[in-house]
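User: Hi! Could you walk me through this model, one question at a time?

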Amino acid sequence: MMVLGMLFRKLGWMDEEFASKMNKFVFLIPLPVLLFGDLEKVDFEEVWNIKFVIFCFVVTFICIAIAALLSCAWQDRSIQGEFIQASYRSSAALLGIAFIQNIYGSAGMAPLMIIGSVPLYNVMAVIVLSFFHPERKVIDKAVWVKTLKGIVTNPIIIGIVLGLIWSACKIPMPTILNKTVSSIGGMSTPMGLMAMGATFDFKKALGKIKPAVMATFMKLIAFVAVFLPVAVRMGFRREELVAILVMLGSATTVSSFVMSKNMGHEGTLSSTVVMLTTLFSAFTLTGWLFALRVFQLV
């Protein structure tokens, strides 16, 4: 999809202005609808496991803290927000359910992994991208108010909250509405990737290759190597381990690029990490799954 975006830009069918508007549309409509659709259908009473949810939440928070500390290593302070977000934010909602369904035939623990990590992903993304804005000023009361307002009014946060409320109230989803939600949510990834491809600049990407490679390594290898053995030690197995693997080691989600662009960041580092993690995750995820299989954990 990224290559198609690049091709359409070369052919003149997409220009930067069109790609920018597509990006904004994905941020405002399909992404929030996708997250709403993922969460509204989950029966949390049936699959609830408080130990698993807390583990996903705490590990996600630690990963964000580690990424924030490592971001201080870069002299270019304007990339800190993008580096932090790209290092921790997985395609958990997009990939998690499909991945586990392909292996086990059902969604398994993916919904609980989503509830433990995805809301935190998005809330922290808004906070990180606000506080580490390229043109950030001293963090005073005005900055706090603006950041809190950004969190409350962020379309992705609204989509998550509505999905949780819908699920908690067990409101039935009419077929026509369900198909509409599914269709609109399904547009988010292809449209976001095409817009990213149309605006991708190889020269700028090469200029940020070191932080991009570091973020890719953390996303696909480092966090998994540290926290997957902890999960095994805590007694998680089968669907639980696969869900944790997806949370820790799947490709950086395209929404990280969409959010960074729409919150005033350049987006080059985000798009580079999305491209690299998407390319190499096919090999790293297969390798991690093979290792779990060898040790008869999945």
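User: What percentage of the 298 residues in the protein chain is buried?
Analyst: Happy to start there. This is a predicted model, where local features need pLDDT of at least 70, side-chain atom pairs count only at pLDDT 80 or more, and totals for chains, interfaces and linings use all residues. Residues are numbered from 1 along each chain as its sequence is written, and side-chain values use heavy atoms, with hydrogens and water left out. Taking buried as under 20% relative accessible area, exposed as over 50% and partly exposed as in between (1.4 Å probe, protein chains only), the buried share of the 298 residues is 51%.

User: How many helices and how many strands does the protein chain have?
Analyst: Both are DSSP runs numbered from the N terminus: helices are H or I with at least four residues, strands are E with at least two. On that basis the protein chain has zero strands, and its helices number 17.

User: How are helix 11 and helix 12 oriented, roughly parallel or roughly antiparallel?
Analyst: Axes are lines fitted to C-alpha atoms, for helices over the stretch in contact, and angles run from 0 to 180 degrees between N-to-C directions. Helix 11 (residues 175–186) packs against helix 12 (residues 188–199) at about 20 degrees, with the axes 5 Å apart. Angles under 35 degrees count as roughly parallel, over 145 as roughly antiparallel, 65 to 115 as roughly perpendicular and the rest as oblique. Therefore helix 11 is, relative to helix 12, roughly parallel.

User: Which residues is Leu 120 in contact with, leaving aside its neighbours within four places in sequence?
Analyst: Leu 120 sits in helix 8 (residues 110–131) and is buried, at a relative accessible area of 10%. With contact meaning heavy atoms within 4.5 Å, the partners of Leu 120 are Phe 57, Thr 60, Phe 61 and Ile 64.

User: Is Gln 85 buried or exposed?
Analyst: Gln 85 belongs to helix 6 (residues 80–88). Beyond neighbours within four places in sequence, Gln 85 has contacts that include Ala 125, Leu 129 and Met 259. Because its relative accessibility is 0%, Gln 85 counts as buried.

User: What is the phi of Lys 170?
Analyst: Most residues other than glycine have a negative phi. Lys 170 lies in the loop between helix 10 (155–168) and helix 11, and is exposed, with a relative accessible area of 54%. Lys 170 is not a glycine, yet its phi is positive, at about 50 degrees.
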